[in-house]
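Hi,

Here is the structure I promised to pass on. Have a look at it first, and then read my notes below.

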Amino acid sequence: MPSRRPTAAFFAGVAVANTGFIAAVTVTGLVAEEITGSAGLSGIPGAVGTFGTALGATAFAWLIARFGSRAGLSVGYVVAALGAAVAMTATVVTSFPLLLAGMLILGIGHSATQLSRYAAAELYDTRHRARAVGIIVWAGTIGSVVGPSLLEPSGRAAASGNLPELSGAYGIAGALFAAAAILYFLFLRRGRASVEEPGQPLPETQPIAWGELIRLPQVQIALTAMVIGQFVMVLIMAMTPVHIRHVGLGLGVVGFVISAHTLGMFALSPLTGWLTDRFGSVRVIVAGVGLLAGSALLAAAAPEDGRTQLAIALFLLGLGWNFGFVAGSALLTNSVPQPVRTELQGRADSLVWMAAALASVASGFVLATGGYAILNIAGALMALIPLAVIAKRPLTPAPEAA
């Protein structure tokens, strides 16, 4: 088993960086509305940030493959800190184009947070990689809880410096991303696989044969589970607060339901990792499909005053996403040899975040044209797609992984 130090560094880095990211994205819609005077444009910066994460995943996977996780991930967090500084400047000078640029850069850097789960998994053998992924995903719980709580003190700090109150969130985000970069640089020095030995050159990597890799059943199942799970989760989650307001319920209900959803997404990740190592990725993916589809139908059937039913449905939606995300990440990591693994992981994350961006756009359109029940029924049907891939592409022995 690897030293606990690099695993703890990955956990701490993801927790710190995700705290900053949550603080930034929480205020971005409000900043956009203040700058433009239009609620209709308030979602664009967030979508741009998601698109940036999709772009950054491939770029930083390339850096990690060539220079190691310490260098690649640290640079990612420095880029995210720069994006936060640009967004903060945009808030001060009230520039919408500059806000978009800042969120794009921040999103590109934030991809390092997502890639950290793969880098941590590389420290472990195939029997324990899912648990490592689960632990790192679990770190997201800290950001989800702590990030919003920093808005008020950061706003007071900004106001005391004669800056716009909302700019403080970007200031704290930049500081936390910089702290994560320092953590990685200082503590990711020893270990196996992508955590390099000081002074030891990394092995040469071979050009990735994407066409061959994408035909592997394991890769197809892992990609489908993560991409479809992300799309369905965002499709439903993004419009649930809007639906709650449309039926006349208040912000307190929105907070209650979304908190339940966030709990489902992150809190049980270590258990998901253990289940994956114990019973196999495919079984956990199938269970995740059931949770996603079932939660969508439960949300579709919720009455207008059914806040408890919605909270349960959104908790299960988050848990279903978690099953597919953790098990899919572990399956992808164990499916291919080390020389091509990192770039494949980067491309996979790019697809996942592109799916999130598309779902953000599609969700509003489906809600406006069909209503909340139709939105959830569509999500339930889409959630079943991985089952078709599993049935069509039974697993074969994977290439020997390093």
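Let's start in a loop: Asn 162 sits between helices α7 (151-160) and α8 (167-187). Keep in mind that this is a predicted model, and that what follows is computed from it. The phi of Asn 162 is near 60°, a positive value in a residue other than glycine. That is worth a second look because most residues other than glycine have a negative phi. Is Asn 162 buried or exposed? Its relative accessibility is 72%, so Asn 162 counts as exposed.

Thr 94 is not a glycine either, yet has a positive phi of about 50°. You'll find Thr 94 in the loop between α3 (69-93) and α4. With a relative accessible area of 54%, Thr 94 is exposed, the cut-off for that being over 50%.

Now for the overall picture. The chain has 17 helices and zero strands. Its radius of gyration is 20 Å, close to the 21 Å that the globule rule gives for 402 residues, so the chain is as compact as a globular protein of that length. Along its principal axes, the C-alpha trace spans about 55 × 50 × 35 Å. Of the 402 residues, 52% count as buried. If you take the contacts between residues at least 6 apart in sequence, 83% of them join residues at least 24 apart.

How far can you trust the model? The mean pLDDT of the chain is 85, and 90% of the residues reach 70 or more. Two stretches call for care. Over residues 190-205 the pLDDT is below 50, although this stretch has 37 contacts in the model beyond near neighbours in sequence. Residues 396-402 also have a pLDDT below 50, with 19 contacts counted in that way.

Next, the inside. In soluble globular proteins, nonpolar side chains tend to be buried together. Here the largest nonpolar core has 110 residues, and Phe 10, Tyr 77 and Leu 99 touch the most other members. Helix α10 (residues 217-246) gives the most to this core, with 16 residues.

Which residues does Tyr 77 touch, if you skip those up to four places away in sequence? Among them are Gly 13, Val 14, Ala 17, Gly 109, Ala 112, Phe 177 and Tyr 184. Two of these names come back in an aromatic cluster, which is formed by Phe 10, Tyr 77, Phe 177 and Tyr 184.

On to the aromatic rings in general. A pair of rings is described by the distance of the centres and the angle of the planes. The count for this model comes to eight aromatic pairs. In one of them, Trp 321 and Phe 325, the ring centres are 4.7 Å apart and the planes are at 20°, so the pair is stacked; the cut-off for stacking is under 30 degrees. Both residues lie in helix α14 (residues 307-335), four residues apart, or about one turn of the helix. Trp 321 is buried, and Phe 325 is too.

Phe 325 also turns up among the contacts of Gln 114. Leaving aside neighbours within four places in sequence, Gln 114 is in contact with Phe 325, Asp 349 and Trp 353. Gln 114 belongs to helix α4 (residues 96-121) and, at 13% relative accessibility, counts as buried.

Ala 119 is in helix α4 as well. At 5% relative accessibility, Ala 119 counts as buried. Ala 119 and Ala 61 are 58 residues apart in sequence, but 9.9 Å apart in space, C-alpha to C-alpha.

The charged end of Arg 117 sits over the ring of Tyr 118, 4.1 Å from the ring centre. Likewise, the charged end of Arg 278 sits over the ring of Phe 279, here 4.9 Å from the centre.

One last stop is Ser 295, in helix α13 (residues 281-300). Where does 2% relative accessibility put Ser 295, buried or exposed? Ser 295 counts as buried. Setting aside neighbours within four places in sequence, Ser 295 is in contact with Ala 313, Leu 316 and Leu 317.

Happy exploring!

Note on methods:
Residues are numbered from 1 along each chain as its sequence is written. This is a predicted model: local features need pLDDT of at least 70, side-chain atom pairs count only at pLDDT 80 or more; totals for chains, interfaces and linings use all residues. Side-chain values use heavy atoms; hydrogens and water are left out. Rings of Phe, Tyr and Trp (its six-membered ring) pair if their centres lie within 6.5 Å; planes under 30 degrees apart count as stacked, over 60 as edge-to-face and the rest as tilted. Helices (H or I, at least four residues) and strands (E, at least two) are DSSP runs, numbered from the N terminus. Buried means under 20% relative accessible area, exposed over 50%, partly exposed in between (1.4 Å probe, protein chains only). A charge sits over a ring if NZ of Lys or CZ of Arg is within 6 Å of the ring centre and within 35 degrees of the ring normal. A nonpolar core is a set of buried Ala, Val, Leu, Ile, Met, Phe, Trp, Tyr and Cys residues joined through side-chain atoms within 4.5 Å. Contact means heavy atoms within 4.5 Å. pLDDT is the predictor's confidence in each residue, from 0 to 100. The radius of gyration is taken over C-alpha atoms; the globule rule is 2.2 Å times the number of residues to the power 0.38.
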